[in-house]
Amino acid sequence: MTKTPWIATALGNNNSYAIGFIQEQNFTCGYCGRDIGTKIGIQTQDTVQRIYICPMCNRATYFESGHVFCPLPRPGETLVYLPDNIRPVYEEIRSAMQAGAFTSAVLLARTLLSHIAVTEGAPENKPFNFYVEWLDQNNHIPPKGKHWVSVIKNKGNDAAHDLEMIDSKTANLVLVFVAHLLRNIYEMSGMLPVPPVTP
Ligand SMILES: [Zn+2]
(Lines give C-alpha, C1' and ligand atoms only; values in the text may rest on other atoms or scores of the structure.)
Protein backbone atom coordinates (compact mmCIF):
# COMPACT_ATOMS: atom_id res chain seq x y z
CA MET A 1 0.00 0.00 0.00
CA THR A 2 1.36 3.43 -0.90
CA LYS A 3 1.79 5.73 2.05
CA THR A 4 0.23 9.17 1.53
CA PRO A 5 2.73 11.93 2.36
CA TRP A 6 1.54 13.97 5.32
CA ILE A 7 2.87 17.25 3.97
CA ALA A 8 1.54 18.24 0.61
CA THR A 9 1.76 21.42 -1.42
CA ALA A 10 -0.42 22.55 -4.26
CA LEU A 11 -0.58 25.51 -6.59
CA GLY A 12 -3.56 27.81 -6.19
CA ASN A 13 -4.49 30.78 -8.39
CA ASN A 14 -2.00 33.27 -6.98
CA ASN A 15 -0.34 31.40 -4.16
CA SER A 16 0.81 27.88 -3.42
CA TYR A 17 -0.32 26.33 -0.18
CA ALA A 18 0.78 23.61 2.21
CA ILE A 19 -1.36 21.02 3.94
CA GLY A 20 -0.20 19.15 7.04
CA PHE A 21 2.15 20.43 9.75
CA ILE A 22 2.24 24.20 9.34
CA GLN A 23 3.26 27.14 11.52
CA GLU A 24 2.29 26.40 15.14
CA GLN A 25 -0.55 28.44 16.61
CA ASN A 26 -2.09 28.73 20.09
CA PHE A 27 -5.71 29.85 20.36
CA THR A 28 -9.04 29.26 22.09
CA CYS A 29 -11.28 27.11 19.90
CA GLY A 30 -14.49 28.98 19.10
CA TYR A 31 -16.42 25.70 18.99
CA CYS A 32 -15.35 23.66 22.03
CA GLY A 33 -13.88 26.53 24.09
CA ARG A 34 -10.62 24.72 24.86
CA ASP A 35 -7.23 26.45 24.82
CA ILE A 36 -5.21 24.56 22.24
CA GLY A 37 -1.90 24.63 20.41
CA THR A 38 -1.64 22.92 17.06
CA LYS A 39 0.35 22.69 13.84
CA ILE A 40 -2.28 20.77 11.89
CA GLY A 41 -3.86 22.73 9.07
CA ILE A 42 -3.53 24.45 5.72
CA GLN A 43 -1.65 27.67 4.96
CA THR A 44 -0.78 29.78 1.98
CA GLN A 45 2.92 30.09 1.16
CA ASP A 46 3.01 33.66 2.51
CA THR A 47 1.29 32.31 5.72
CA VAL A 48 -1.26 35.19 5.61
CA GLN A 49 -4.20 32.79 5.37
CA ARG A 50 -4.24 29.73 7.61
CA ILE A 51 -6.83 27.16 8.68
CA TYR A 52 -6.24 25.03 11.77
CA ILE A 53 -8.00 21.85 12.84
CA CYS A 54 -8.78 21.71 16.58
CA PRO A 55 -7.21 18.48 17.96
CA MET A 56 -10.01 18.28 20.56
CA CYS A 57 -13.18 18.71 18.46
CA ASN A 58 -11.79 18.42 14.88
CA ARG A 59 -13.44 21.66 13.73
CA ALA A 60 -11.68 24.26 11.58
CA THR A 61 -10.70 27.81 12.57
CA TYR A 62 -9.63 30.40 10.00
CA PHE A 63 -6.79 32.86 10.66
CA GLU A 64 -5.83 35.87 8.57
CA SER A 65 -2.65 37.95 9.05
CA GLY A 66 -1.96 36.27 12.38
CA HIS A 67 -5.38 36.94 13.90
CA VAL A 68 -8.29 34.57 14.44
CA PHE A 69 -10.96 35.50 11.93
CA CYS A 70 -13.69 32.90 12.21
CA PRO A 71 -15.12 31.72 14.49
CA LEU A 72 -14.15 34.09 17.28
CA PRO A 73 -13.83 32.50 20.75
CA ARG A 74 -17.12 32.24 22.64
CA PRO A 75 -17.24 34.94 25.32
CA GLY A 76 -18.11 33.94 28.86
CA GLU A 77 -17.00 31.03 30.98
CA THR A 78 -18.17 27.46 30.50
CA LEU A 79 -20.59 26.41 33.25
CA VAL A 80 -21.31 22.71 33.61
CA TYR A 81 -23.93 22.41 36.36
CA LEU A 82 -26.73 24.58 34.96
CA PRO A 83 -30.34 23.24 34.98
CA ASP A 84 -31.68 22.10 31.60
CA ASN A 85 -33.95 25.13 31.20
CA ILE A 86 -31.21 27.63 32.10
CA ARG A 87 -28.33 26.22 30.06
CA PRO A 88 -29.71 26.95 26.54
CA VAL A 89 -30.53 30.55 27.51
CA TYR A 90 -27.04 31.14 28.90
CA GLU A 91 -25.46 29.50 25.84
CA GLU A 92 -27.58 31.63 23.52
CA ILE A 93 -26.35 34.77 25.31
CA ARG A 94 -22.79 33.58 24.62
CA SER A 95 -23.63 32.85 20.97
CA ALA A 96 -25.20 36.31 20.53
CA MET A 97 -22.02 37.86 21.98
CA GLN A 98 -19.86 35.77 19.66
CA ALA A 99 -21.88 37.04 16.70
CA GLY A 100 -21.61 40.66 17.86
CA ALA A 101 -25.36 40.88 18.66
CA PHE A 102 -24.76 42.73 21.93
CA THR A 103 -28.25 44.22 22.39
CA SER A 104 -29.84 40.79 21.89
CA ALA A 105 -27.42 39.31 24.42
CA VAL A 106 -28.35 41.87 27.08
CA LEU A 107 -32.08 41.46 26.42
CA LEU A 108 -31.69 37.72 26.89
CA ALA A 109 -29.63 38.24 30.05
CA ARG A 110 -32.52 40.26 31.45
CA THR A 111 -34.93 37.45 30.59
CA LEU A 112 -32.57 34.93 32.18
CA LEU A 113 -32.99 36.61 35.57
CA SER A 114 -36.73 35.80 35.39
CA HIS A 115 -35.96 32.20 34.34
CA ILE A 116 -33.63 31.77 37.31
CA ALA A 117 -36.24 33.09 39.76
CA VAL A 118 -39.00 30.79 38.45
CA THR A 119 -36.61 27.82 38.43
CA GLU A 120 -35.81 28.54 42.08
CA GLY A 121 -39.50 28.67 43.09
CA ALA A 122 -40.86 32.13 42.26
CA PRO A 123 -44.44 32.28 40.88
CA GLU A 124 -44.80 32.50 37.10
CA ASN A 125 -46.13 35.39 34.99
CA LYS A 126 -44.88 38.20 37.20
CA PRO A 127 -43.26 41.48 36.08
CA PHE A 128 -39.51 41.51 35.62
CA ASN A 129 -38.86 43.77 38.63
CA PHE A 130 -40.77 41.31 40.84
CA TYR A 131 -38.26 38.58 39.96
CA VAL A 132 -35.25 40.76 40.73
CA GLU A 133 -36.76 41.54 44.15
CA TRP A 134 -37.62 37.88 44.67
CA LEU A 135 -34.03 36.79 43.95
CA ASP A 136 -32.78 39.33 46.46
CA GLN A 137 -35.29 38.47 49.19
CA ASN A 138 -34.55 34.76 48.80
CA ASN A 139 -30.80 35.22 49.25
CA HIS A 140 -29.80 34.36 45.68
CA ILE A 141 -28.01 37.67 45.27
CA PRO A 142 -24.83 37.99 47.36
CA PRO A 143 -24.81 40.88 49.92
CA LYS A 144 -22.50 42.96 47.73
CA GLY A 145 -24.07 41.80 44.48
CA LYS A 146 -27.13 44.04 44.39
CA HIS A 147 -25.28 46.70 42.45
CA TRP A 148 -24.18 44.44 39.61
CA VAL A 149 -27.58 42.73 39.38
CA SER A 150 -29.07 46.22 39.03
CA VAL A 151 -26.70 46.76 36.07
CA ILE A 152 -28.20 43.72 34.29
CA LYS A 153 -31.67 45.00 35.14
CA ASN A 154 -31.09 48.61 34.08
CA LYS A 155 -29.20 47.86 30.87
CA GLY A 156 -31.81 45.24 29.95
CA ASN A 157 -34.57 47.76 30.60
CA ASP A 158 -32.79 50.36 28.43
CA ALA A 159 -32.66 47.86 25.57
CA ALA A 160 -36.20 46.56 26.09
CA HIS A 161 -38.10 49.81 26.62
CA ASP A 162 -35.99 52.52 24.98
CA LEU A 163 -34.56 50.42 22.13
CA GLU A 164 -31.12 51.54 23.25
CA MET A 165 -28.36 49.75 21.33
CA ILE A 166 -25.87 48.13 23.69
CA ASP A 167 -22.12 48.29 23.00
CA SER A 168 -19.67 45.40 23.40
CA LYS A 169 -18.14 46.73 26.62
CA THR A 170 -21.51 46.90 28.41
CA ALA A 171 -22.61 43.53 27.03
CA ASN A 172 -19.36 41.90 28.19
CA LEU A 173 -19.88 43.36 31.66
CA VAL A 174 -23.43 42.02 31.78
CA LEU A 175 -22.21 38.58 30.66
CA VAL A 176 -19.62 38.53 33.47
CA PHE A 177 -22.33 39.41 35.98
CA VAL A 178 -24.74 36.77 34.66
CA ALA A 179 -22.04 34.09 34.79
CA HIS A 180 -21.16 35.13 38.35
CA LEU A 181 -24.79 34.86 39.45
CA LEU A 182 -25.16 31.45 37.80
CA ARG A 183 -21.93 30.26 39.37
CA ASN A 184 -23.15 31.32 42.83
CA ILE A 185 -26.54 29.64 42.48
CA TYR A 186 -25.73 26.46 40.52
CA GLU A 187 -22.04 25.91 39.85
CA MET A 188 -20.69 25.97 43.41
CA SER A 189 -23.22 23.49 44.84
CA GLY A 190 -22.95 21.37 41.68
CA MET A 191 -19.27 20.77 42.45
CA LEU A 192 -20.15 19.09 45.76
CA PRO A 193 -20.11 15.26 45.68
CA VAL A 194 -23.41 15.25 47.67
CA PRO A 195 -26.17 17.84 47.04
CA PRO A 196 -26.53 20.32 49.94
CA VAL A 197 -29.44 19.75 52.36
CA THR A 198 -31.87 22.66 52.47
CA PRO A 199 -32.47 23.68 56.14
ZN1 LIG B 1 -12.35 22.65 19.45
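Student: Does cysteine 54 count as buried or exposed?
Tutor: This is a predicted model, in which local features need pLDDT of at least 70 and side-chain atom pairs count only at pLDDT 80 or more, while totals for chains, interfaces and linings use all residues. Residues are numbered from 1 along each chain as its sequence is written. The classes rest on C-beta atoms placed from the backbone, with 20 or more others within 10 Å making a residue buried, 12 or fewer making it exposed, and anything in between making it partly exposed. Because cysteine 54 has 20 C-beta neighbours inside 10 Å, this residue counts as buried.

Student: Which residues does cysteine 54 touch, not counting residues up to four places away in sequence?
Tutor: Cysteine 54 sits in the loop between strand 4 (49-53) and strand 5, where helices (H or I, at least four residues) and strands (E, at least two) are DSSP runs numbered from the N terminus. Contact here requires C-beta atoms, placed from the backbone, to lie within 7 Å. With residues up to four places away in sequence left out, the residues that cysteine 54 touches are Cys29, Tyr31, Cys32, Ile36, Arg59 and Thr61.

Student: In strand 3, which residue is the bridge partner of tyrosine 17?
Tutor: Strand 2 (residues 16-28) and strand 3 (residues 35-44) pair in the antiparallel sense over nine bridges, pairing being assigned if DSSP finds at least two bridges. In the hairpin of these strands, six residues lie between them, and glycine 33 takes a positive phi near 80°. In strand 3, the bridge partner of tyrosine 17 is threonine 44.

Student: How many C-beta neighbours does asparagine 125 have inside 10 Å?
Tutor: Asparagine 125 is not a glycine but has a positive phi of about 60°, and it is found in the loop between helix 2 (102-119) and helix 3 (128-137). Asparagine 125 counts as exposed because its number of C-beta neighbours inside 10 Å is 7.

Student: What pattern does the protein chain follow when read along the sequence?
Tutor: The secondary structure of the protein chain comes to five helices and six strands, and buried residues make up 25% of its 199 residues. Among its contacts with a separation of 6 or more, those between residues 24 or more positions apart account for 48%. Read along the sequence, the pattern is β-β-β-β-β-β-α-α-α-α-α.

Student: How is helix 1 oriented relative to helix 5?
Tutor: With axes fitted to C-alpha atoms over the stretch in contact, and angles running from 0 to 180 degrees between N-to-C directions, helix 1 (residues 87-98) and helix 5 (residues 168-190) come within 11 Å and cross at roughly 160°. Angles under 35 degrees count as roughly parallel, over 145 as roughly antiparallel, 65 to 115 as roughly perpendicular and the rest as oblique. Helix 1 relative to helix 5 is therefore roughly antiparallel.

Student: How many nonpolar residues does the contact of helix 1 with helix 5 have?
Tutor: Tyr90, Ile93 and Met97 in helix 1 meet Ala171, Leu175, Val178 and Leu182 in helix 5. In the classes used, Ala, Val, Leu, Ile, Met, Phe, Trp, Tyr, Cys and Pro count as nonpolar, Asp, Glu, Lys and Arg as charged, and the others, Gly among them, as polar. The contact of helix 1 with helix 5 has no polar and no charged residues, and its nonpolar residues number seven.

Student: Which term describes how helix 2 and helix 3 lie relative to each other?
Tutor: Arg110, Leu113, Ser114, Ile116 and Ala117 in helix 2 meet Phe128, Tyr131, Val132, Trp134 and Leu135 in helix 3. The axes of helix 2 and helix 3 come within 9 Å and cross at roughly 55°. Helix 2 and helix 3 are therefore oblique.

Conventions: Two residues are in contact if their C-beta atoms, placed from the backbone, lie within 7 Å.
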